Amino acid sequence: MSEHAQVNIAEVMSRGGRPAGSRREVKIIDTTLRDGHQSIWATRMRTSHMLDMVEQFDAAGFEHVDLMAPIQFDVSVRYLKEDPWERVRLMHRHAPNTKFRALIRSKNLATFDFLPDDVIEAWVDRLVANGFRVIGAFDGLNDVDNISAALRQAKRLGAETFGAVSFCESPVHTDELFVAKAQELIERAEVDRIMLKDAGGLLTPDRIRTLVPALKGVIGDRPLEVHTHSLTGLAPLVCLEAVELGADSIHTSIAPLASGNGQPSTQGTVRDLRALGYTVNVDDAQVSEISSKIRRIAEDEGKPLGTPAEYTGTHYMHQTPGGMLSNFTSQLETAGLADRFDELMQEVARVRAELAYPIMITPFAQHVGTQAVMNVMSGERYRVVPNEVKKYALGYYGKPLAPLDPEALEKILANGASNIADEPAPIPPMLPSLRERYPDEDIDLWLLRAQFAGTQVDEMKKAAAEGGSRGDSGMPILDLVRSLYEGAGTGRHVLTSGDLAIAMDKGE
């Protein structure tokens, strides 16, 4: 922590724990209802859970409450069998004093491939129509081309907008790059706020000391908010240091949906900020009541509690984000691959470097992770190449920030599916055909069908009509195999581990 912060703590202690003078107000952006349960409960908080505590959230005094990103729509439809749009409407109806936030993931939303412009445009329209007044966007390559149109549209519709500068550690991700991306978001997307988004929990006090002043120096009077994860145990200190250096808002989650894979806890962060003399207008009693309700849910349903993580330097090698790490660990254990976890993490780090250091956030974390699994399980690196990895190498998702490793690139292009064109073709509109196929449905359902294949939306509709479903599919092995199959190239693939062998045949 900085010398200034150390002096404040000493003064607080000398005054018997009373703040040493009054300093500026720091705002808290709550992540419990989105990233908190995404990181600790694999996104399995249901709408009924949220409604049970919505009154306390509405009275807690948070600047914003983060509610939905594409993964919350995904899990609601595919696993919980709940209508995510109904969740959005109910939460807004029951919390009229709360500014809920929505986050847009590039042009993918909940898919791996880019969606057509008509879907992205309609998605923004429906976020606003269903109640959101704070909307932001991020892109895993920090490619502003992929998010500027959606942000400008949200702003035209009256929403407050934030653009994410997605952080990671690599030779190409310098402070100068992040500053340039913040400037580009302001100039091209006209965002109202800048979010420093550290999904991998990689920020350190040393790095924050250079990065926050650099960002503050170019964003003018726009608020700077800091979002990080506690994967290395450093996040609480990083947040305090960020505030000392001028950050305006901090993302926290209410314990026990905090720490570990999640954000720093609201309780601890607010306590420490107040001890340093900052004003934090959050109602502690409401936070405590929410915390108690979360614990009761965890006890009733056997869900885990967030616990502080021990520092681990290897995390900076693979940089896997918290939400994916919890899913990855669970599925590997169920599939009988737990003993190869460290080997897989090392392979993740190697693949990431060969792919020119994509930031390990969705969808690139999944691309890198799936390729690493294929490399380890097939026994020959890049013999099996997921379609998305080849598309990434060819620039389908934007321009990588550096050249790919030549040897890896050669194998990717040779072993990837032959029907992937060297250059992406324009994506035709989807909504006209969806309107024709489902004339009795509305735009909200068409947008879900644009992202979720097969009968998933129909199953969700049926479960919702019957009063909703409790819990997910309970088939993590099937989920793992399905994800590998969807990412595999054509031909026959056999995955083995010990006595387990799974054969997959995939045609053109």
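In which sense do β1 and strand β2 (residues 64–68) pair, and over how many bridges? They pair in the parallel sense, over two bridges, where strands count as paired if DSSP finds at least two bridges between them.

## Basis of the model

This is a predicted model, in which local features need pLDDT of at least 70 and side-chain atom pairs count only at pLDDT 80 or more, while totals for chains, interfaces and linings use all residues. Residues are numbered from 1 along each chain as its sequence is written, and side-chain values use heavy atoms, with hydrogens and water left out.

## The chain as a whole

The secondary structure of the protein chain comes to 22 helices and ten strands; helices (H or I, at least four residues) and strands (E, at least two) are DSSP runs, numbered from the N terminus. Of the 508 residues of the protein chain, 59% count as buried, a term that stands for under 20% relative accessible area, with exposed for over 50% and partly exposed in between (1.4 Å probe, protein chains only). Among contacts in the protein chain with a separation of 6 or more, 76% come from residues 24 or more positions apart, a contact being heavy atoms within 4.5 Å.

## The barrel

Eight strands, in the order β1-β2-β3-β4-β5-β6-β7-β8, close into a barrel with parallel pairing. From one strand to the next the twist averages 30°; angles run from 0 to 180 degrees between N-to-C directions, and axes are lines fitted to C-alpha atoms, for helices over the stretch in contact.

Strand β1 (residues 27–30) pairs with strand β8 (residues 249–252) in the parallel sense over four bridges, and K27 has S249 in β8 as its bridge partner. Towards β2, I29 stands opposite H64. Strand β4 (residues 134–138) and strand β5 (residues 160–166) likewise pair in the parallel sense over four bridges, with T161 in β5 as the bridge partner of I135. Helix α2 (residues 32–40) packs on the sheet, where it touches β1, β2, β3 (100–105), β6 (193–197), β7 (224–227) and β8, and its direction makes about 55° with that of β2.

D35 has its place in helix α2 and is buried, with a relative accessible area of 4%. Leaving aside its neighbours within four places in sequence, D35 is in contact with H227, H229 and Q263.

T269 is found in helix α11 (residues 266–275), and it too is buried, with a relative accessible area of 5%. When its neighbours within four places in sequence are left aside, T269 is in contact with I250, T252 and P264.

The buried residues of α6 are D118, V119, I120, A122, W123, V124, L127 and V128. After α6 comes G131, whose phi is positive, near 125°.

With helix α7 (residues 148–156), α6 packs at an angle of about 35°, and the axes are 10 Å apart. In this contact I120, E121, V124 and D125 of α6 meet A150, Q153 and A154 of α7. The residues of the contact divide into four nonpolar, one polar and two charged, where Ala, Val, Leu, Ile, Met, Phe, Trp, Tyr, Cys and Pro count as nonpolar, Asp, Glu, Lys and Arg as charged, and the others, Gly among them, as polar.
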